[in-house]
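Hi there,

Here is the structure I promised to pass on to you. Have a look at it first, and my notes on what turned up follow below.

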Amino acid sequence: DTALAAIGSCGSIYELLVGFGIGIGNGLAIVAARSYGVQDEDLLKKTVAGSLVIGFLSSLCITLAGLVGLHPLLVLLDTPAEILEEAYSYIIIIDVGVLVMFAYNLCAGLLRAIGNSFMPLVFLLISSGLNVALDLVFIAVVGMGVKGAAVATVISQGVSVVLCIFYVLRKTRVLVPERKHFQVGRKHFQVGRKLYWDLFSQSISMGLMSSIVSAGSVVLQYGINGLGTLVIAGHTAARKMFAFTDMPLIAMANAGSTFVSQNYGANHPDRVRKGMREIYLYSVVVAVLAVLLMNVGAEWMVKLISGSSEAVVLENGAKYLIWNAPFYAVLGVLLSTRYALQSLGQKVLPLFSSVIEFVGKILFVLFFIPRFAYDAVILCEPIIWCFMTVELVLVYLHDPFVFPKKTE
């Protein structure tokens, strides 16, 4: 329970560090998908070159900020004293490995941008299997504790990066830039400047969108940490299971992002409308399956993940999963619409949805968690998702590319 709570107490910080890098990678991949959609190979290679430069610099900034601020942040979040150092030992290794995690996400995003979704899956399966094996070695055999989990994560991600690079060099040379693609000479200065601005603004927009959401989770973590170590452990186990069961929604949102980007570049708004309708229907189906799954096996899954026999851990964790399950439909619509809007070139209005979530979590920590304890923690995100989804869908329905105004 203590080890699980240590990882859980810095889970929101993990999302903040890694999420910003992943958001940047997704934003860069969106621009690459547009370049692929207009069938301009030279522009695509310049996009990859710019993505590598911006991604490296961004990851370096994230790592340096983490090295300076992680320990004070854990203290500020009222992390219980008995798990503080253990939590820090885990999150600092993750911080050092941010570049590796970003590199995999960018490689996978670029492959998806040119229509290859299969090989990123293969590399992820290999990485996940290796992660499990290294967890067992570093934690159970070597005795590194939670540090072992972090080291296993970084190493396995590093292997997937190497595999991605080898595959790109051997099979998808269209994604391999040459020296000239990194240069922005006088002759092509305006084009190069526009491309780099597009890459920078799109990546920062998605990175900020992710980090604002994660910043809200950091605030929420403060409220959770005040409820005690066992509550943290139960919440952590439930969040791990939630992160696993909402993957179908995240995967479809990512696929939809690539799909919308390509069709935006190819000027096919009708395909965007049709694709989004099917994604919305898919989200409802996933929610129905999640409700059935959680009502049958929520407590068993929490026990499997946590290894705990404490009633507080099992009951709170199961309640979290059961109450959240119906809202998977809302979450699916939220994610797919937000990513689609980013793919359509909208940067500010999708970002506003993240601000709604950030403010909502602050309000819950200030007013509802002190009164309703863990029940307020469970309902915090689902209620906020509903407000965010309304805003995003309204923006989507008024997008001039997808729903052009009829002229008389």
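**Pockets and cavity**

Helix H5 is the main contributor to the lining of the second largest pocket, giving six residues. Before going on, please keep in mind that this is a predicted model. The second largest pocket holds about 300 Å³ of space. Its lining is made up of 17 residues, and the closest to the centre are Val48, Leu52, Cys107, Leu110 and Ile165. At least two lining residues come from each of H3, H5 (98–113) and H7 (146–171).

Which helix gives the most to the lining of the largest cavity? That is H2, with four residues. H2 (11–37), H5 and H11 (247–265) each supply at least two residues of this lining. The volume of the largest cavity is about 100 Å³, and the count of cavities of 30 Å³ or more comes to one. In case you want to select the lining, it consists of Asn26, Ala29, Ile30, Ala33, Gly109, Arg112, Ala113, Met206, Asn254, Ser257, Thr258 and Tyr339.

**Helix H3 and the surface**

H3 deserves a section of its own. A nonpolar patch on the surface is formed by Leu52, Val53, Phe56, Leu57, Leu60, Leu64, Leu67, Val68, Val96, Leu99 and Phe182, which together have about 970 Å² of accessible area. H3 gives the most to this patch, with eight residues. Leu52 belongs to the patch and is also among the residues closest to the centre of the second largest pocket.

Phe182, another member of the patch, is found in helix H8 (residues 179–182). Is Phe182 buried or partly exposed? With a relative accessibility of 35%, Phe182 counts as partly exposed.

Val75 is found in H3, which covers residues 41–76. Val75 is partly exposed, at 48% relative accessible area. In sequence, Val75 and Phe368 are 293 residues apart, and their C-alpha atoms are 23 Å apart in space.

**Salt bridges**

How many salt bridges are there? The count comes to six.

Lys45 is buried, since its relative accessible area of 10% falls under the 20% cut-off. Glu41, in contrast, is partly exposed at 48%.

Another salt bridge joins the side chains of Lys319 and Asp375, at 2.7 Å from N to O. Lys319 lies in helix H13 (residues 311–324) and Asp375 in helix H16 (residues 374–397), so this pair ties together parts that are 56 residues apart in sequence. Both ends are partly exposed, with relative accessible areas of 25% for Lys319 and 29% for Asp375.

A further salt bridge brings together the side chains of Glu357 and Lys361, at 2.9 Å from N to O. Glu357 and Lys361 are four residues apart in helix H15 (residues 348–372), so they too are separated by about one helical turn. Both of these residues are buried. The pair is part of one network, in which salt bridges that share partners join Arg239, Glu357, Lys361 and Glu381.

**Helix H10**

Last comes H10, which takes in residues 229–245. H10 has 17 residues and reaches 24 Å from its first C-alpha to its last, close to the 24 Å expected at 1.5 Å a residue. Why is H10 described as largely enclosed by the rest of the structure? Because twelve of its 17 residues are buried. Among them are Val231, Ile232, His235, Met241 and Phe242.

Best wishes, and enjoy exploring the model!

Definitions and conventions: Residues are numbered from 1 along each chain as its sequence is written. This is a predicted model: local features need pLDDT of at least 70, side-chain atom pairs count only at pLDDT 80 or more; totals for chains, interfaces and linings use all residues. Side-chain values use heavy atoms; hydrogens and water are left out. The expected span of a helix is 1.5 Å times one less than its number of residues. Buried means under 20% relative accessible area, exposed over 50%, partly exposed in between (1.4 Å probe, protein chains only). Patches are made of residues with over 30% relative accessible area and no salt bridge: like charges are joined within 9 Å, nonpolar side chains (Val, Leu, Ile, Met, Phe, Trp, Tyr) within 5 Å. Accessible areas come from the Shrake-Rupley method with a 1.4 Å probe; for residues, only the protein chains shown count as cover. A salt bridge is a side-chain nitrogen of Lys or Arg within 4 Å of a carboxyl oxygen of Asp or Glu. On a 1 Å grid over the protein atoms alone, a cavity is a set of points where a 1.4 Å probe fits but cannot get out, and a pocket is an open set with protein on both sides within 12 Å along at least five of seven lines; lining residues have an atom within 4 Å of a point. Grid points are joined across faces, edges and corners, and a volume is the space filled by probe spheres set on the points.
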